[in-house]
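These are my notebook entries on a structure that I had not consulted before. I set down what I looked up, entry by entry.

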Amino acid sequence: MTISAYEPVVIMDNRVDLICQHTMEGNIIPLKIRLRDEDGELQEFAVKGYRDKSEHSLMSFECVIIVRDVKKIIDLFSMD
């Protein structure tokens, strides 16, 4: 599969499950994202790449996922 462009994913006011791995150094590695689609069905996407954008106490990741053979970027951040 060759994909040259990224298509953004917008999920407003929606919580997602982030399945991640924690390293011995305390770093977080996102592995999978689970969310409900418009029909209420639970969807799971493997994280193909990520960038840690965390600052101070705000956890934030920019993740690359594949949705229907299209590479998309999803921004995830903590909301306390």
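I take contact to mean heavy atoms within 4.5 Å. I note at the outset that the model is predicted.

Entry on serine 60. I located serine 60 in strand S6. Is serine 60 buried or exposed? I found a relative accessibility of 9%, and because the limit for buried is under 20%, serine 60 counts as buried. I then looked up its contacts, leaving aside neighbours within four places in sequence: serine 60 touches Arg51, Asp52, Lys53, Ser54, Leu76 and Phe77.

Entry on the core. I looked up the largest nonpolar core and found 11 residues in all. Its members are Ile28, Ile33, Leu35, Phe45, Val47, Phe61, Cys63, Ile65, Val67, Ile74 and Leu76. The largest share comes from S6, with 4 residues. I recall that in soluble globular proteins nonpolar side chains tend to be buried together.

Entry on isoleucine 28. This residue belongs to the core. With neighbours within four places in sequence set aside, I found isoleucine 28 in contact with Cys20, Gln21, His22, Tyr50, Met59 and Phe61.

Entry on strand pairing. I followed S3 to its partners. Strand S2, residues 17-22, pairs with S3 in the antiparallel sense over 6 bridges. Within this pairing I found isoleucine 19 opposite lysine 32 of S3. S2 and S3 form a hairpin with 5 residues between them, and glycine 26 in the turn has a positive phi of about 95°.

I next looked up strand S4, residues 42-46, which runs antiparallel to S3 and is joined to S3 by 5 bridges. Leucine 35, a member of the core, has glutamine 43 in S4 as its bridge partner. The hairpin of S3 and S4 has 5 residues between the strands; there glycine 40 takes a positive phi near 85°.

Entry on the loop between S6 and S7. Which phi does arginine 68 have, given that it is not a glycine? I read a positive phi of about 50°. Arginine 68 is found in the loop between S6 and S7, and its relative accessible area of 80% makes it exposed. I placed aspartate 69 in the loop between S6 and S7 as well. Aspartate 69 has a positive phi of about 65°, although it is not a glycine. At 58% relative accessibility, I record aspartate 69 as exposed, because the limit for exposed is over 50%.

Technical notes: Residues are numbered from 1 along each chain as its sequence is written. This is a predicted model: local features need pLDDT of at least 70, side-chain atom pairs count only at pLDDT 80 or more; totals for chains, interfaces and linings use all residues. Side-chain values use heavy atoms; hydrogens and water are left out. A nonpolar core is a set of buried Ala, Val, Leu, Ile, Met, Phe, Trp, Tyr and Cys residues joined through side-chain atoms within 4.5 Å. Buried means under 20% relative accessible area, exposed over 50%, partly exposed in between (1.4 Å probe, protein chains only). Helices (H or I, at least four residues) and strands (E, at least two) are DSSP runs, numbered from the N terminus. Two strands pair if DSSP finds at least two bridges between them.
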